[in-house]
Each structure stands twice: as structure tokens, then as C-alpha cells.
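Q: I would like a close look at a single part of this model. Please keep to what can be computed from the atoms.

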Amino acid sequence: MKKKSVRYFMQKVSRASIALESLMLALLVAIMTLPRSYTALKLSLLMAIILLATPQIRMVIGFMKKVDVIGFYCSVAILGCLWTIVGLINGGIIPSLIDYFRLYVGWSLAYLIMVSLIYIAGGLYIFHRAAVLSAILISLINIAGVLDVMYGFYLIPESVSKSLAMNIGFHEGYIQITSSNIGSLFFLVTYLIAIYVRKDTQLFRNPYTHIALVLGLICAALSGRRALWVTIALQPLVLLVAFIFAGGRNRFRFSFYSIFLYGLTIIFLVSAVSGLLDIDFTGTLEHLYQAFSDEDVRYAQRQGLINGFFDHLIIGSGFGGNIFSPDDERAGTYESTFHQILFNFGIVGVSLILFIFFRYLRICLVNTKALYPLDGVSFCLIIGLLSFLIGAYSNPYLGSFDFLLYIAILPLIAGVKSAAKFSTNKEASKYSNSTRATD
């Protein structure tokens, strides 16, 4: 009787573990693939995960304490509270104040819980699976959207198109896709490229990863997003800098030959897409050049934000600060992320942000040097994060809950060394053992 009850209990635990992993995978894919939309779906998935993980609440709390996830998100929340007060004192725009308070304080609590649950549900292994699946889905959605416009296939339902703010325009020399999920490609494509640079990520290089990378590069070429083109083109430089700081030359498949091959691949993909769609490549280059022109809309915005920074040099304007006239519909909304941070936080706030960022980045880099099973994937995630931040230079991604998932990589990777003690995912543990044997 006891043997039967024990067997039944083990089967129940196994089913709960599979369900938890599946729900976490669904949540991560939803966040990456459907940013700034379907909020009810994401909250429902998060609540279901929390309920399913309730029996392991002591493990979740233990993990939080062990890797200082609480310290990271408490720091972010405190910054949010302080600079909301600064914004109120300086007469900031109330709706913008509320949005940023919710972003820095409210959503920090959600990510505090979610980062801990990711490890309980499989850690970096589950994150990789979500990244691969999301890259495939995002690419297929947007490529299908282009085919809809070109041939009237109606592959994408109008409700999905509207939720993702998907508008596709054909211009002289390029196609422009405005879908909100294109922003995820800044992280996903560069992360997948990095997977092929490390030697110790061979178990992650499978047919699905190949498909995700090829589709992601094609979608990026089609997107007309100049910042994305530049970010992908800069990958050899980003990888070289990371190589210098991460160390461990024997773990890299990195050479001048691979850089040359990478350049040829990018040129081939862009040329192939241009040829298939009969796009004038001269117009494409002109479109890219305009991004660096003084006539670009963002240029004037940056100048205004820099002037505003000097007007509030020490502690900034606070949240809700405005460089436009009060009646302007753009009031409180900016695309140049880092210029806005300077304007809102001033020297004191920016110094605190940089201290938190580099403190956790240092911990992450230390983890990539250690001989732990998942150090290769940790390195690739850092590459994706740095590339995402390059893209955020001219896009307001850090003002969205969904895109903050990529910032959560810092506390996530900081816990790599402790993850094995808390993860209950058997497949992830099996992977860890096999990787340790190959290192």
C-alpha cells in the first residue's frame, strides 16, 4: 500500500513539474512574441504558474535569497519611488508618472517572482527553448504579414495584426514592418548568433536553432529597421569585446575567417531578399544613411533631451519630465532611451543605475569564466542583452514591461552557480551533467 502511494505521489510530482515547465515556456514565448499586447493572457499564465509552484514556495524564497534577486529588484523599485517624487516636485506629467511608477515598482515585483520561478521550471534551459521558439514565431508572423500585403493571402488575422501594431509598407529600396515584436529580434537574433560562436553550446545547436537563426536573419533584413541592421552588423565587434572580458579562448569558435564568413552571409541574405522582392539596393542604402542624418526626427529629440539634462543636471527632471509644449501629443514620450534616462535621472540617478548594472554584469561575467555547465549559454544571453541595449538607443524598449524581460537576464545569470541546488527540472539536470563531461 505504501509503495503504491509513493508511486502515485511521484507521478503527481512529475506531472506537476511538466505542467510548470510547459506554462513557463508558454509565458516566456508570449512575452517575447506578443509584446505590448495580450496582457490578460500573460497575467493568467503567471497566476497559473504561481499557483502550480505554491508547494515549492520555500524553494522559491530560498532561491531569491541565495542569488540576491531581491536586492536587484528592490534597488530598481527604490529608484522608481525616488524619481517619481522628483517628477512630482518638478511638475511632471501625471499619466507618465503613473506609467513609470508602475513600471519600476509594480512590474519589478512581477519579475522578482518570475525570475525565481524560471529556475524552478528549468532555468536557462527553458529560456533557450523559449528564445528559439519565439524567433521562429516572430519571423513567420512578420513574413506572413509581408505576403499578405503582396499577394492578399490573409494569413494573419486582423485582430492579431492590430494587437501587434503591424503595419507593412513598401518603399523605394526597402520594406518597413512596424510590428512591436520586431523589437525582440534585437535580443533573439544576436543571442542565436552567439550560440554558434561558443564551443560549449553544441548541445543547443540543433535543427530548430538553425531554422530560428535563418528565419530571424531573413525577418530582420525584411523589417526595414535600421537600428536592427546596424546591431546585427556590429555583432563581430560585440563578440570580440565580450571575448576579451569573458576570457577562455579555447571555448570560442571565433576567428577572422568566421567574421569574414558572417559578413558574406549577411550580404547574401540581404541581396537574396532584395532580388526576390525586386528591391532597389541603392534605395536601401539611402534609407540606412538617413538614420544618421541631422534631418532624422530622433536627432532633434536628442538635442532637446540633452538641453533638458543640463537644465536638471544633478538629480534630473524625474519621471514625467517634458521637453515639448504641454499641448504637444508627444509630451513625455521619447524614442531615444538613454538620452531620456539622462534627462529623467541626472548625474546622481544615472550613477546609481550604472552601479547596479555593472555590479550584476560583473557577477555574470565571472560566471561565464567559471567551469559550470551553463556558462556558454550565460555568455550568449549577455551578448543578446548588450545587443538589445544597442537597439534601445533609438527605441523606447525600456519603457515596456515585456522588453524588461531581457534586463531580467542580469539577475537570472547571476544565479547560474546556485541554480543546480534549486532546479527540479530533470531534463535540465541531465543537460548539465552531459555538458560538465564535455567541458
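Which residues make the nonpolar surface patch, and what is its area?

A: This is a predicted model, in which local features need pLDDT of at least 70 and side-chain atom pairs count only at pLDDT 80 or more, while totals for chains, interfaces and linings use all residues. Residues are numbered from 1 along each chain as its sequence is written, and side-chain values use heavy atoms, with hydrogens and water left out.

The nonpolar surface patch covers about 610 Å² and is made by Leu234, Leu237, Leu240, Val241, Ile244, Phe245 and Ile390. Accessible areas come from the Shrake-Rupley method with a 1.4 Å probe, and for residues only the protein chains shown count as cover.

Helix H11 (residues 235–246) gives the largest share of the nonpolar patch, five residues. Helices here are DSSP runs (H or I, at least four residues), numbered from the N terminus. Ile244 belongs to H11. With a relative accessible area of 59%, Ile244 is exposed, a class that begins over 50%, whereas buried means under 20% and partly exposed is in between.

Elsewhere, Val214 sits in helix H9 (residues 207–223). Val214 counts as partly exposed, because its relative accessibility is 43%.

Key:
Patches are made of residues with over 30% relative accessible area and no salt bridge: like charges are joined within 9 Å, nonpolar side chains (Val, Leu, Ile, Met, Phe, Trp, Tyr) within 5 Å. A salt bridge is a side-chain nitrogen of Lys or Arg within 4 Å of a carboxyl oxygen of Asp or Glu. Helices (H or I, at least four residues) and strands (E, at least two) are DSSP runs, numbered from the N terminus. Buried means under 20% relative accessible area, exposed over 50%, partly exposed in between (1.4 Å probe, protein chains only).
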